[in-house]
Amino acid sequence: MIKVYDIKNRVCIVTGSGRGIGKEIAIKLAGEGGKVVINVRKHVDEGEQTLKEIQKLSSGILVKADVSTEEGRNLLFAKAQKELGTPEILINNAGVGILEPLGNIQEKNLELMFTTNLFSPLRLSEKFMKDSHGGVIINMASLAGITPFPGLAVYGSTKAALIGLTKYMSLEMAPHGIRVNAVAPGVVKTRMGDSLLSLMNLDDSEFSKKFTLTGKLITPEEVADSVIFLIKNESITGQIITIDSGSTQMATDYFR
Ligand SMILES: NC(=O)c1ccc[n+]([C@@H]2O[C@H](COP(=O)([O-])OP(=O)(O)OC[C@H]3O[C@@H](n4cnc5c(N)ncnc54)[C@H](OP(=O)(O)O)[C@@H]3O)[C@@H](O)[C@H]2O)c1
């Protein structure tokens, strides 16, 4: 019989889960019986909506906290521990992507992307390792961290570093009973994905026809499915799953 890591009754933190990919991950975790901590930075209305959907399936709480700050990370863990119990699943999903070509990188955006996309997963995971008694961490990377995309040098570098960090975390956290994996999606149909396509002056079907083998954009639900798969399979650690609709197999001008 296949042994799976059971999500039921485990406390799961999903950073940046008011909308988009994080929201779908939170809903799927609740569907598996997990107790879910929803987190937003600004949009409390979106967090409340996600929480309502969670509560139809399982239990959960909403924590408004900026995970790019130490204060926000402490608050997130303190509320999770007090109201639900010790976290056993951590999804480092919160991220910001700003398109800025080299030569025009603004200091504040450089800092925002590195603190949110890299420093936050690192610090949250260290906290998780100290506080928990084992579990699973999933880092939300990006195809931009594997293949260069024009204008995404800083964003892509934060995600490339997160991929490297995932491998180191899997090694150093294994003795603590923690598995660590990452997912690296191409363009996903969310607010962030939509704004990238509009900057490329393409609609969904033009993009999909030109730059994917599957002829369709990736959905947040598909990304969330792969997160659940990685959590459940007890023999996978230190791996990066790429979900790119086959775009990296194509000889297109996507990356020029
Ligand atoms: N969409 C894509 O095409 C794509 C592709 C590859 C990878 N990804 C990655 O997938 C993850 C989710 O992306 P998405 O497309 O779902 O983005 P999204 O629609 O922009 O949603 C991002 C979520 O993260 C939250 N957030 C941002 N900064 C935060 C912070 N410092 N503290 C707490 N929450 C914060 C936002 O909350 P507020 O609005 O309240 O700030 C929002 O709920 C990101 O790491 C992104 O880099 C996305």
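Q: Which helices each supply at least two residues of the lining of the second largest pocket?
A: Those are H3 and H4. Keep in mind that this is a predicted model.

Q: OK, and which one gives the most to that lining?
A: That would be H4, with five residues.

Q: Which residues line the second largest pocket, then?
A: The lining is made of Glu70, Arg73, Asn74, Arg123, Glu126, Lys127, Lys130 and Asp131. Sorted by class, seven are charged, one is polar and none is nonpolar.

Q: How much space lies in there?
A: About 170 Å³ for the second largest pocket.

Q: Let's stay with H3 for a bit. What stretch does H3 cover, and how far does it reach?
A: H3 runs over residues 70-83, which is 14 residues. From its first C-alpha to its last it reaches 20 Å, close to the 20 Å expected at 1.5 Å a residue.

Q: Which of its residues are buried?
A: In H3 the buried ones are Gly72, Arg73, Leu76, Phe77 and Ala80. They sit on the same side of H3, because they cover an arc of only 125° around the axis.

Q: Why do residues three or four places apart point the same way in an α-helix?
A: Because an α-helix has 3.6 residues a turn.

Q: And what's on the face of H3 turned away from the buried side?
A: That face carries the exposed residues Glu70, Glu71 and Lys82. Glu70 also turns up in the lining of the second largest pocket, as does the buried Arg73.

Q: Switching to H2. What span should it have, and what does the model give?
A: H2 covers residues 44-55, and its 12 residues should span 16 Å at 1.5 Å a residue. The end C-alpha atoms are 16 Å apart, so the two agree.

Q: Which residues of H2 are buried?
A: Glu46, Gly47, Thr50, Leu51 and Ile54. Looking down the axis of H2, they fall within an arc of 140°, so they line one face of the helix. The face turned away from them carries the exposed residues Asp45 and Lys52.

Q: What does that buried set pack against?
A: The buried residues of H2 pack against H1, S2, S3 and helix H6 (191-199).

Q: I'm curious about Lys23. Where is it found, and is it buried or exposed?
A: Lys23 is in helix H1, residues 20-31. Its relative accessible area is 18%, and buried means under 20%, so Lys23 counts as buried.

Q: What does Lys23 touch?
A: Leaving out residues up to four places away in sequence, Lys23 touches Ser17, Gly18, Gln49, Thr50 and Glu53. One of those, Thr50, is among the buried residues of H2.

Q: Last topic: how much space lies in the largest pocket?
A: About 1,200 Å³. It is lined by 49 residues, and Arg19, Gly95, Val96, Gly97 and Met192 lie nearest its centre.

Q: Where does the largest share of that lining come from?
A: From H6, with six residues. H1, S2, H4, helix H5 (153-173) and H6 each supply at least two residues.

Q: And by class?
A: The lining of the largest pocket has 24 nonpolar, 18 polar and seven charged residues.

Conventions:
Residues are numbered from 1 along each chain as its sequence is written. This is a predicted model: local features need pLDDT of at least 70, side-chain atom pairs count only at pLDDT 80 or more; totals for chains, interfaces and linings use all residues. Side-chain values use heavy atoms; hydrogens and water are left out. Helices (H or I, at least four residues) and strands (E, at least two) are DSSP runs, numbered from the N terminus. The expected span of a helix is 1.5 Å times one less than its number of residues. Buried means under 20% relative accessible area, exposed over 50%, partly exposed in between (1.4 Å probe, protein chains only). The arc is that of the directions from the helix axis to the C-beta atoms. Contact means heavy atoms within 4.5 Å. On a 1 Å grid over the protein atoms alone, a cavity is a set of points where a 1.4 Å probe fits but cannot get out, and a pocket is an open set with protein on both sides within 12 Å along at least five of seven lines; lining residues have an atom within 4 Å of a point. Grid points are joined across faces, edges and corners, and a volume is the space filled by probe spheres set on the points. Ala, Val, Leu, Ile, Met, Phe, Trp, Tyr, Cys and Pro count as nonpolar, Asp, Glu, Lys and Arg as charged, and the others, Gly among them, as polar.
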